[in-house]
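Here is a short briefing on the disulfides of a predicted model.

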Amino acid sequence: HFAEKGSFVSSSGQTAALPCPRGTYQPSAGSRLCEPCPAGYYRNIVGALACLPAEPGYYQADVGQTEALPCPLGMYNPSFAGAVDCDLCPRGYFSN
């Protein structure tokens, strides 16, 4: 048997495939490893086939993460999904 999508077999002699851990994904079958979610993306379930983009108002600067983070106070990300950072609010504007 081979590893299904969302799982992996890392060494010879394994008796079953293992699901990809949280923060990783594997879209292909027959894999030896799972890929970490790239910056700007996250996944909070095991056995993921893909990662989710950080939604507007959120960001994720690191790889292999399980959640997107809200933009800090005074910063924003109005419409760019998959953001790796947030922008400072321009003069005359604020966020809370």
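A disulfide is a pair of cysteine sulfur atoms within 2.5 Å. The whole structure holds 3 disulfides. The model is predicted: local features need pLDDT of at least 70, side-chain atom pairs count only at pLDDT 80 or more, and totals for chains, interfaces and linings use all residues. Residues are numbered from 1 along each chain as its sequence is written, and side-chain values use heavy atoms, without hydrogens and water.

**Disulfides**
- Cys71 and Cys86 are bonded, with their sulfur atoms 2.0 Å apart.
- The torsion about their S-S bond is about -80°, so the Cys71 and Cys86 disulfide is left-handed.
- Cys37 is joined to Cys51, S to S 2.0 Å; this link is left-handed too, with -85° about the S-S bond.
- Cys20 pairs with Cys34, their sulfur atoms 2.0 Å apart.
- In sequence order, the bonded cysteines of the protein chain pair 1-2, 3-4, 5-6.
- Cys89 is in no disulfide; the nearest cysteine sulfur, that of Cys71, is 8.8 Å away.

**Burial** (buried is under 20% relative accessible area, exposed over 50%, partly exposed in between; 1.4 Å probe, protein chains only)
- Cys20 is buried at 0% relative accessibility, and Cys34 is buried at 15%.
- Cys89 is buried at 18%.

- Ser7 is buried at 8% relative accessibility.
- Beyond neighbours within four places in sequence, Ser7 contacts residues including Cys20 and Cys34.
- Ala29 is partly exposed at 39%.
- Beyond neighbours within four places in sequence, Ala29 contacts Phe2, Ala3, Glu4 and Lys5.

Notes:
Contact means heavy atoms within 4.5 Å.
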